[in-house]
Amino acid sequence: PFPDPEARFRGMSWIEPVVRELMGDNAATDHKLKFFENGATPNMVVSTDLDLDEKQFGDWVDLMSNQYEGVENAYRTFYLAKGGNAQVVGANLRQIDFKATQGAGETRLAAAAGIPPVIAGFSEGLQGSSLNAGNFGAARRNCADGTMRPTWASACGSLETIVPPPNSAAELWYDETQIAWLREDEADAADIAAKRADRMHTLISAGFKPDSVVAATIADDDSLLQHSGMYSVQLRGAGTVTEGKGSTVSGVPEPADGSQP
């Protein structure tokens, strides 16, 4: 549903504006992997004041790399000769608050996709009140009603050009009954149906024509209601006279055979 700024006549994937976020997330994952591959330690600078020629310096660097770099050499004792000095540079994962850094990027990706972090299983959504039953249910419903159903409906409309309906009265649609994730909505749907049935019963009892009651309820438009002209006995005043046998006079029903009560 989002137009492409470079081509307004076509839609744009939600992934396009968050490509940089994806690149940042991938870089963060690579950084974490390299951190552990390097023995779970920050970068180090090893210096020496020994007078070494180019070959000797290269041999010394190779020796240090082979003996102390990499996860297989982690936690080994670090030996330095006279004139050597080792200093830690950079920051570790805790100092750069790695969890918050990567978690913020994940949240922005989830927002662009229209999927709450708790539904996607991102770290920012798996803590605090997000996992409470009420909050999770609200997030699930927001995802279903705000993202999934409109997306499925749009997909059906697009796929109709490839899978045309058998006739003009039919349309391509999705079947929610086969989607287990939406079954919790069945209770709400049943409650809504019960309230609609109660409303229709009340309107019909009030004298409205049944067909107009059904049409007004489905369309949610009370202007479609048509009254039959027949009212409940509670709305008839005392002394009301109607034609025919069994009529009411002064609120006392007459016997059908015409005899006096």
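1. Helices here are DSSP runs of H or I with at least four residues, strands are runs of E with at least two, and both are numbered from the N terminus.

2. A word on what you are looking at: this is a predicted model, in which local features need pLDDT of at least 70 and side-chain atom pairs count only at pLDDT 80 or more, while totals for chains, interfaces and linings use all residues. Residues are numbered from 1 along each chain as its sequence is written, and side-chain values use heavy atoms, with hydrogens and water left out.

3. Now for the overall plan. The protein has seven helices and six strands, and along the sequence they follow the pattern β-β-α-β-α-β-α-α-α-α-α-β-β. Of its 261 residues, 16% are buried (buried means under 20% relative accessible area, exposed over 50%, partly exposed in between, with a 1.4 Å probe and protein chains only).

4. Back to α7, which spans residues 210–219 and has Ser212, Val213, Ala216 and Thr217 as buried residues. Seen down the helix axis, these fall within an arc of 130 degrees, so they line one face of α7 (the arc is that of the directions from the helix axis to the C-beta atoms). The face turned away from that buried side carries Asp211 and Ile218, which are exposed. Helix α6 (185–205) is included in what covers the buried residues.

5. Please also look at phenylalanine 208, in the loop between α6 and α7. How exposed is phenylalanine 208? Phenylalanine 208 is partly exposed, with a relative accessible area of 22%. Beyond its neighbours within four places in sequence, phenylalanine 208 is in contact with Leu203, Val213, Leu225, Gln226, His227 and Ser228 (contact means heavy atoms within 4.5 Å). Leucine 225 lies 17 residues from phenylalanine 208 along the chain, and their C-alpha atoms are separated by 6.7 Å.

6. Finally, the surface. Trp14, Ile15, Val19, Leu22 and Met23 make a nonpolar patch of about 430 Å². Patch residues have over 30% relative accessible area and no salt bridge, with like charges joined within 9 Å and nonpolar side chains (Val, Leu, Ile, Met, Phe, Trp, Tyr) within 5 Å; a salt bridge is a side-chain nitrogen of Lys or Arg within 4 Å of a carboxyl oxygen of Asp or Glu. Accessible areas come from the Shrake-Rupley method with a 1.4 Å probe, and for residues only the protein chains shown count as cover. One of the patch members, isoleucine 15, is found in the loop between β2 (7–11) and α1 (19–37) and is partly exposed, at 37% relative accessible area.
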